[in-house]
Every structure is written in C-alpha cells, then in structure tokens.
Amino acid sequence: MRRVEREEHMELRGKKVIALGERDGVPGPALAECATRAGAEVVLTLTACYV
Amino acid sequence: MSPGGTPVIRAVSLVLAHVPSLVRLGSKPLRVLRELDEPIDYLRPHLRDWDAACAYAPNQVFIGNLDVDDFAARPTPWHRHAVAGATRFGPDGEIMPEEEFLGLLAACDGFDLLGLDRDVAGRARAALDAHPVVGRGSGRPAVPDGVSAALLQERIERHRALPLLGVDGRLLGAMLPGHDEDDTLTGQVLLENLACKATAALALRHLLARPGAVDDADVRYVINCGEEAVGDRYQRGGGNVAKAVAEWAGCLRATGSDVKAFCCGPMHALMLAGALVGSGLHDDVVVLAGGSLAKLGMKFQGHVKHAMPVVEDVLAGFAVHVTRDDGVSPVLRMDAVGRHEVGSGSAPLAVVKALYSEPLARAGLTLLDVDRFSLELHNPEATEPAGSGNVPLNNYRTLASLAVVEKLIAREQIDEFVRTRGMPGFSPTQGHIASAIPYLGHARRGLTTGRLARTMFTGKGSLFLGRMTQLSDGISLIVERNAAGA
C-alpha cells in the first residue's frame, strides 16, 4: 500500500471504502464517519480488538 | 435494609494459576495447531515451568509482591530477568502450580465430568489439602479419587471426552461433555467454564481468609463479571457463575448474578456493587471473576517467532469486597462515574472525554488531581511480539494528549505524565481481568498506608465482537483516600 504523506490528499469521493478500525486506536465507526463525509460509500465497517 | 452510605473497597484479592498444559486448549492454539498430531510437542520448547512463571516480574506485580514503580525500573525483557527471591504468595494472592490447580478444578466439578489420572489426583489432593486458604480445613469439597488410564482412554474414545495432556505428553485426565448433543456443554466448553469457576473461587477464598475479612455468612450478594458463557443449548450464557462460586466458597447466605459487558464487565460490576451498598440494600457485596482458558496462548505465534516463552500461560482471578464506609478503606466515588454512552461517539477524543473529563469535572477535579490511572494493563511482552502493540502505553498517551488538549500540561510533558500517572502493563491477556482491575490491590495499599490520594480506574469493552452492535463500551470509577482516615 502506498504511503500517504501528510500533505497529500486522498480523493474518496465516489470510492467504496472498507472501514477497518481498532478499539484502542480509531474505531471502525469513526473511520466510516470520516469516509462518508468525504464522499465515499462505506461498504463494510469493522472494529478489531487485539487483546 | 440498612441506611446505606458511602461504599468503600475493603479488600482485594488477585490470583494466578500457572497452567502450561492447558495452553494448547486456548482458542488460538487449538485453531492454529489443529493440523498437528501432537500440538503439545510443538509448544513444549516454549512452555515455562512454574519457577519461571513465579519469578516472572509481571506475575509478581499481579499478586502484589512487586510495586509498579519498582517494576517500571526493571530491565527488559522481563522473561529474561527473573525476580530474585520471588515467592508464590503475595499480599494480594498467589501463583498456584498446575498440578494443584488440577485438583482445584476437580474439587469445583460438582458433576464428576473431569476425571483425573489416579496418580495426578493423588498428588493434587495431597498438595491442595495442605493449602493455607483452600486446604481441607476450608470446608471445600474433596478432590475426588482419580481413575485408571484405561478408563480415561475409554471416555475419550467412546464418550468424546476432552483429553488433558501434560507438557510431557502424559495423559493427565479428561473432561466429559455434559450432554450428547449440546454444543454449549462439550468437554472443551465445560473445561473453560470450570477453569473460570475455580479461579474465581480461589480468589474469593483468598479474600475471605484475610485478617479482619468479612465473615463467609455476611456476604449477601456476589456479582460475577467474568466473560465465560455458562448455560446450555436453550440459554447460552444463562449464568449464574456468581452463585456457583459463592456456594463453593461457603457463602451460604449469599445470592448473586452475572454482569456481562465484555472486558468492561468489572467496572460495571464495581459500580453496581457500590450502588447496592450505597442504597442500603446489601452491606457486603463481592465482585469477582475467574480466568479465561480460551485466551491462553492467544499470542503464542508471536512468542514462538521470537523464540521466547509463551507468557500467556496463566489463568487469573480476582475478588473485591465492597462494603459500607469503615472510615479507613478507600472510597468508591458514586458521584463521579464516567460513562461511555450510546451517543458518546467512537472518536478517541470523544471517548476519553466521556470517561475522564466529564466525570472529573462533575467532581470539581481535573486529570491532574488523579495520582494514578489504571486502564488496560495488558502485558506488552505478550502483545508486542504478535504485532498487537503496547496497549497500556498507547492508552496512556491518548490520555496525556487529552491533558494537552485541556491545557493542563504542555505537549513536551506527555512522557512525564505517562511515566508518573501510568504504569507498564503487567496483566496476563485475560480480557476482563486485564481491564484496570489488576492495579486495585496496589491502589488500596497506596490509598491507605501509602502516598496516593486519588486513583481512577477505566474499563473498556469490545461489544462489537459479539456482532450485535458496532459500539464499544467504557466505564470509569474514581477510588480515593478515605477522608475520615486522612
């Protein structure tokens, strides 16, 4: 996966997004909300718990 | 009913049972190693003996023998720097050896489903009968006689019993299913539930054996917050482990119930215990939980990859006595409970505000009024080799960032905040156990005979794992020095 630098923009409008988050980091629903507001279609939201 | 009053934390116990032979029965090892004929052979080079587990610094912190600040100053990796003079018993509990624990399992099995090898049962009975807390004189059920190796084989081959193999490959025993056609009563599930009951029962007996402890007969309500789903095919997870443990421990006037909220269960249970005492409904409430056999060896692949011991080789249990204000014990602040509500949102800043800023502000306090925060205390030596990161450190840094946002500290002070108000993780990855509770014994000492004035405990639960909601959960509680004893 290409590293996205801070100053670059990722165009999400019209894209399909899988929001995979982590409970002790950024949970899936928070990622999904950001992606939706950026114009993406969130097709799956999941949160992982690594403990 | 009594008039009620301020609830206090009167006593805490924290116990471990070292069970290397059961590591292969953890959920992850079972799934990963199912292709192997002898998973125990694969695991053996990475399984520790009891001496190593006892001298393992995180385990010594867990039972209260090693202070968290001394622990933070110790060299790493901890598995290569044994604690000199480590002992089995500590101020909060003990680290029980496996053979003794097998005897405890059998003594907790009221349906004779766990059969132990005759020699194993004999040795376990002799050792357990001499135990200072759950010895023969404690009034517990006896360790039943063992059975022949031939009978164990017959149970395994003809009755689908789960074999228990020792680290050396010998057959230690077998767990029969509780029903022919019930997936919730298989030998594996019942062993998980029995391990939970046994570790919780051990913790409760430790609690009741303390000098000045509440009398068995005065415990009126027990809340179990372990995560095991005890039930049958018609009511999976029906419960009630609390009552089963109270019965085993001889609390004849107690009743109880189970509280479930994944790893956040203990915080909910403590809050409810405080409410029961505060309302005057019950004067003496015990919150307890046993360990999770399913989580043994959860990160074992990372440990094998890094040529280190599988440090997830212990089951854990705890018990907490919540009672009316005695003028000495630390107070459980019921006016400042932090809640992650349905509408709180899931963004990290929203979560920490709900769990820290809001309840502290309600009490007229800030983050800087809390001497020590206890949160997810998972041992990073268990999680980092598997790529799961340092969970406590990440959470402490998030908390310190909140202090920056609230202009309580400068950005450059984040590390100092984490070092002085946090601690390194030392808990086995036993889910609900690791969620803040392991520091409670240390906090109780610090808030009575030590220098602490106020501590804060925060549990989080991964509700989304059950696939009924995308939400996580969280509760925070403030435990502070008793003003009457200050």
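**Loops, cis peptides and packing**

Modeller: B:Ala436 is found in the loop that runs between helix 16 and helix 17 (440-448) of chain B (helices are DSSP runs of H or I with at least four residues, strands runs of E with at least two, both numbered from the N terminus). This is a predicted model, in which local features need pLDDT of at least 70 and side-chain atom pairs count only at pLDDT 80 or more, while totals for chains, interfaces and linings use all residues. Residues are numbered from 1 along each chain as its sequence is written, and chains are lettered from A and ligands numbered from 1 in the order in which they are written.

The phi angle of B:Ala436 is near 75°, a positive value in a residue other than glycine. B:Ala436 is buried, having 29 other C-beta atoms within 10 Å (buried means 20 or more such atoms, exposed 12 or fewer, partly exposed in between, with C-beta atoms placed from the backbone). B:Lys407 also has a positive phi, near 60°, and is likewise not a glycine. B:Lys407 is exposed, with 7 other C-beta atoms within 10 Å.

From B:Thr76 to B:Pro77 the bond is cis, with omega near 0°, and B:Pro77 sits in the loop between helix 5 (68-72) and strand 2 (95-96) of chain B. From B:Gly239 to B:Asn240 the bond is cis as well, with omega near 15°; B:Asn240 belongs to the loop between strand 6 (221-224) and helix 10 (241-249) of chain B. Most residues other than glycine have a negative phi, and most peptide bonds are trans.

As for the packing, 12 residues of chain A are in contact with 19 residues of chain B (contact means C-beta atoms, placed from the backbone, within 7 Å). On the side of chain A that touches chain B, the elements giving two or more residues are helix 1 (28-37) and strand 2 (41-48) of chain A. Helix 1 of chain A gives the most to that side, with three residues.

How values were computed:
Contact = placed C-beta atoms within 7 Å.
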